[in-house]
Amino acid sequence: MRSLLSKGGWGKFAEGLAPHESPASRMVQTAGSRVQLAKLFGGLDDKEVELLVYDLDFWARREQSPPDKFSTCFVMAGRGFGKTWCGARWVIKKAWQAKSVGALVGPTAADVRDTMIRGASGILALSPPWFTPKYEPSKRRVTWPNGVYAICYSADKPDRLRGPNAGWGWGDEPASWKHDMAAVDQLPLVLRIGSREDPPQLLLTGTPRPLKKIEELLFANAETQELKPGVVLRTGSSLSNFANLAPSAVANMRALANTRWGQQEVLGRLLFDVPGAIFGSAKWGRVEADPHEYAQQLDRRIVSVDPSPTSETGSDETGIIVQGCKSSALFGADGIPLKRVSVLADLSRRASPREWATTAIRAYLEWGCDALVVEVNTGGEMVETLISTVAGEMGVSVNVKPVRATSAKSKRAEPVSALAEAGRVEFVGTFPKLEAQLSKFTGINGRRDDRADAFCWGVHDLVFVEQFFAV
């Protein structure tokens with residue numbers, strides 16, 4: 001054990017591990033009992049125990065360890081895989097080697113600060129006490145005790161990716177970078193320190209997205225997926241990190257893993273054959289029953305609303321969908337009952353703000369709902385105030401849950417599509433206008449998807465709101 005704790009000691013040990021194994025997990029498995037573990041680690045003194053706790057090579061799964069030699073390495077894996085942990089670990093190792101200046105690039109300045117640096121799996125959290133860097137937000141700089149520093153950049157301002165020479169960089173979630181990932185084109189202006197034998201290195205960590213820019217970044221031949229010289233692609237599944245995820249999240253991921261969305265977001269597979277209609281593979285259930293009677297069997301009932309700012313002729317309708325969920329008879333691998341969504345009513349209409357608010361509140365009361373979920377991107381706090389005012393005039397109170405879109409509607413719809421593809425969404429009756437919108441839904445902003453948008457917001461509240469892939 002002491003010899004393995006020495007510098008580089010875990011390298012050869014890790015070569016014999018499966019991708020999902022770490023030296024720590026292999027030792028626990030080999031020991032087989034607490035007594036044997038005590039014998040294995042009992043001889044270490046306090047200093048050696050501290051070294052082991054902060055030895056990231058000891059805890060890293062093999063699939064989380066980029067190779068030593070590469071020009072660009074993309075760790076492309078499912079959500080919850082431990083990609084941020086992987087990137088932070090690599091950055092700390094580069095800083096320890098004290099070779100050159102680094103660069104940290106995230107979708108926004110807030111992402112760099114809150115995820116890459118200060119996050120639960122970020123640089124500060126993973127750094128040992130004797131090698132903790134100083135973070136200076138005003139200078140956009142992280143500086144280690146040995147003098148090595150990294151400069152922070154935001155991908156939404158790609159023209160700022162200039163200035164000091166750097167020899168290495170970590171870019172997180174590049175598929176979410178704005179301006180068609182323009183920051184990727186600017187990175188060569190930053191990563192200029194190196195030689196033929198020791199070139200500048202760029203580590204990218206993120207969930208796969210079928211984007212042309214990613215294809216051009218990785219492949220010399222996209223059809224055969226032949227990688228460019230110096231490029232390394234590491235892929236991995238969210239399920240590899242199941243020990244660090246909530247059982248309910250793991251159950252949902254396993255249940256959706258074989259759907260198209262699950263292959264991308266859970267298994268980390270790069271899929272380029274994107275169908276136009278997001279719900280094209282949905283297997284909608286159909287229930288012939290009285291909706292109000294059927295609703296009494298459900299664990300929850302909600303009204304979800306996608307408001308239209310105007311009721312003028314030709315404007316969008318306000319999407320108003322009543323739906324609920326109950327735990328299925330099916331259970332996930334961890335014994336967690338899987339949720340099934342039931343669409344009960346489509347009350348969407350072209351109406352003034354006061355009219356649609358009245359309709360939504362009446363539905364909330366009629367169906368015995370526990371929440372009125374409303375999208376507030378357009379109206380902001382005025383939407384909440386409107387509903388509260390109308391409810392007060394009616395002499396009732398409602399539980400308003402405002403939701404705000406932070407990304408494209410296609411991303412919000414993908415996990416809902418996966419749920420439908422798995423056969424876990426049913427219509428209690430027929431809803432021709434809603435079903436027609438879902439059949440043509442592509443997620444392109446500007447299209448009239450009011451009913452489909454309201455439906456997706458509701459499913460997220462019923463099924464995904466507590467999961468890390470809720471958007």
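The legends below accompany close-up views of a predicted model. Local features are given where pLDDT is at least 70 and side-chain atom pairs count only at pLDDT 80 or more, whereas totals for chains, interfaces and linings use all residues. Residues are numbered from 1 along each chain as its sequence is written, and side-chain values use heavy atoms, with hydrogens and water left out.

**View 1. The largest nonpolar core and the surroundings of Phe-279.**
The largest nonpolar core comprises 40 residues, a core being a set of buried Ala, Val, Leu, Ile, Met, Phe, Trp, Tyr and Cys residues joined through side-chain atoms within 4.5 Å. Buried here means under 20% relative accessible area, exposed means over 50%, and partly exposed lies in between, with a 1.4 Å probe and protein chains only. The residues with the most contacts inside this core are Phe-279, Leu-419, Leu-434, Phe-455 and Val-459. Among the elements that each supply at least two of its residues are the helices α12 (247–256), α17 (409–421), α18 (432–439) and α19 (450–464), together with the strands β13 (319–331), β14 (337–346), β15 (371–375) and β17 (425–428); helices (H or I, at least four residues) and strands (E, at least two) are DSSP runs numbered from the N terminus. The largest share, 9 residues, comes from α19. Apart from this core lies another, of 31 residues, which includes Val-91, Ile-117, Val-148 and Cys-152. With residues up to four places away in sequence not counted, Phe-279 touches Trp-284, Ala-413, Val-416, Ser-417, Leu-438, Phe-441, Phe-455 and Cys-456, where contact means heavy atoms within 4.5 Å.

**View 2. The packing of helix α18 against helix α19.**
Two packed helices are described by the angle between their axes and the distance between the axes. For α18 and α19 the angle is about 85° and the axes are 8 Å apart, the axes being lines fitted to C-alpha atoms, for helices over the stretch in contact, with angles running from 0 to 180 degrees between N-to-C directions. That makes α18 roughly perpendicular to α19, given that angles under 35 degrees count as roughly parallel, over 145 as roughly antiparallel, 65 to 115 as roughly perpendicular and the rest as oblique. On the α18 side the contact is made by Lys-433, Leu-434, Gln-437 and Leu-438, and on the α19 side by Asp-450, Arg-451, Ala-452 and Phe-455. By class, this contact has 4 nonpolar, 1 polar and 3 charged residues, with Ala, Val, Leu, Ile, Met, Phe, Trp, Tyr, Cys and Pro counted as nonpolar, Asp, Glu, Lys and Arg as charged, and the others, Gly among them, as polar.

**View 3. The crossing of helices α3 and α4.**
The axes of α3 (residues 23–31) and α4 (residues 34–41) come within 8 Å and cross at roughly 125°, and the two helices are therefore oblique to each other. Met-27, Val-28 and Ala-31 of α3 meet Gln-36, Leu-37, Leu-40 and Phe-41 of α4. The residues of this contact divide into 6 nonpolar, 1 polar and no charged.

**View 4. Positive phi at Glu-173 and Met-181.**
Most residues other than glycine have a negative phi. Glu-173, although not a glycine, has a positive phi of about 50°; Glu-173 is found in the loop between β6 (168–172) and α10 (178–186) and counts as partly exposed at 22% relative accessibility. Phi of Met-181 is near 55°, again a positive value, but Met-181 is placed in helix α10 and is buried, with a relative accessible area of 2%.

**View 5. The cysteines Cys-73 and Cys-325.**
The structure holds 0 disulfides, a disulfide being a pair of cysteine sulfur atoms within 2.5 Å. For Cys-73, the nearest cysteine sulfur is that of Cys-86, 7.2 Å away, and Cys-73 counts as buried at 0% relative accessibility. The sulfur of Cys-325 is 12 Å from the closest cysteine sulfur, in Cys-369, which is too far for a bond; Cys-325 counts as buried at 2% relative accessibility.
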